[in-house]
Amino acid sequence: MRCDNYCPRCGDPEESVTHAIFECPPALQVWSLSLTPTSPTIFPVSSVYTNIDYLFWKKNNIIEPQQDRNPYPWIIWYIWKARIEKLFRGTDRDPLDLVRHAESECNAWFDANEAGNQCGCGWVWMDSGGVIQLMGTRNFTRRESALHSEVEALRWAMENMLQHSPCQTFGTDCKELITMIKEPKAWPSFATELERIETLQICFPDFKIIHVPRARNHFSDFLAKTA
Ligand SMILES: [Zn+2]
């Protein structure tokens, strides 16, 4: 039995991986329309290793690494999908449409990761007359759980108060946080985080933590959302 190995898209008699992803005319067209700089002697060439090496490392010398949202993994994937669609359905995918689709999928992935790794937190310091004196807002890298983030936010607020105000009473809309501070031994999985809070508490001789319903805590809630 003979297995035909010709390229389903251009009819080239030998369809290698390099051919399918980099050298077949529709694939080559995709690369030249993409953000990745191409040149006949540098990229793409007839060696799959040289091409992958270029995509992994060399192009970073050309493109600013911090702006590098180069969607080449998506491009490789969609070129491969376009090949399969041609092989099994006989359909052709427009190269420019493929590049745009790969770029938007890549951006959506980066955006989702950036948003997903951050959580906002905010505090306000009110004096005894309820007048806002100071406020702070920042983003944290998302922790193991929402409760971990609450503990982290309290630690940050306590450190801020220590530096900027004589405040000793803290309000939170998280009831679990209050029970954790009062019974740290009951929360062994938070031992490290709660120890830090206990150490900080030494600096607050009149330390108090009270529950403030979310409806009354709207200002710090708002700050957390805008962080
Ligand atoms: Zn081909």
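## Helices α6 and α7

In this predicted model, α6 and helix α7 (residues 175–182) pack at an angle of about 70 degrees, with their axes 10 Å apart. Angles of 65 to 115 degrees count as roughly perpendicular, and α6 and α7 are therefore roughly perpendicular to each other. The crossing in which α6 passes α7 is right-handed.

The residues that bring these two helices together can be named on each side: Leu147, Glu150, Val151 and Leu154 belong to α6, and they meet Glu176, Leu177 and Met180 in α7. Sorted by class, the contact of α6 with α7 has five nonpolar residues and two charged ones, with no polar residue.

## Helices α6 and α8

Helix α6, which covers residues 146–164, also meets helix α8, which covers residues 191–201; the axes of α6 and α8 come within 10 Å and cross at roughly 20 degrees. Because angles under 35 degrees count as roughly parallel, α6 and α8 are described as roughly parallel to each other. The crossing of α6 and α8 is left-handed, whereas α6 passes α7 in a right-handed crossing.

On the α6 side of this contact stand His148, Val151, Leu154, Arg155, Met158 and Glu159, and they meet Glu193, Leu194, Arg196, Ile197 and Leu200 in α8. The residues of the contact of α6 with α8 divide into six nonpolar, one polar and four charged. Val151 and Leu154 of α6 are among the residues that meet α8, and Val151 and Leu154 are also among those that meet α7.

Gln118 stands opposite Thr141 in β2, while Trp123 stands opposite Gly136 in β2.

The two strands β1 and β2 form a hairpin, with five residues between them, and in the turn Gly130 has a positive phi of about 80 degrees.

Is Glu85 buried, exposed or partly exposed? A residue is buried if 20 or more other C-beta atoms lie within 10 Å of its own, and exposed if 12 or fewer do; Glu85 has 15 other C-beta atoms within 10 Å, and therefore it is partly exposed.

If residues up to four places away in sequence are not counted, Glu85 touches Thr91 and Arg93. Pro8 is 77 residues from Glu85 along the chain, and the C-alpha atoms of Glu85 and Pro8 are separated by 9.9 Å.

## The chain as a whole

The elements described above belong to a chain whose secondary structure comes to nine helices and four strands. Read along the sequence, these elements follow the pattern α-α-α-α-α-β-β-α-β-α-α-β-α.

The chain has 227 residues, of which buried residues make up 21%. Among the contacts in the chain with a separation of 6 or more, 58% are accounted for by residues 24 or more positions apart.

Terms used. Residues are numbered from 1 along each chain as its sequence is written. This is a predicted model: local features need pLDDT of at least 70, side-chain atom pairs count only at pLDDT 80 or more; totals for chains, interfaces and linings use all residues. Axes are lines fitted to C-alpha atoms, for helices over the stretch in contact, and angles run from 0 to 180 degrees between N-to-C directions. Angles under 35 degrees count as roughly parallel, over 145 as roughly antiparallel, 65 to 115 as roughly perpendicular and the rest as oblique. A crossing is left-handed if the near helix is turned anticlockwise from the far one by less than a right angle, and right-handed if clockwise. Two residues are in contact if their C-beta atoms, placed from the backbone, lie within 7 Å. Ala, Val, Leu, Ile, Met, Phe, Trp, Tyr, Cys and Pro count as nonpolar, Asp, Glu, Lys and Arg as charged, and the others, Gly among them, as polar. Two strands pair if DSSP finds at least two bridges between them.
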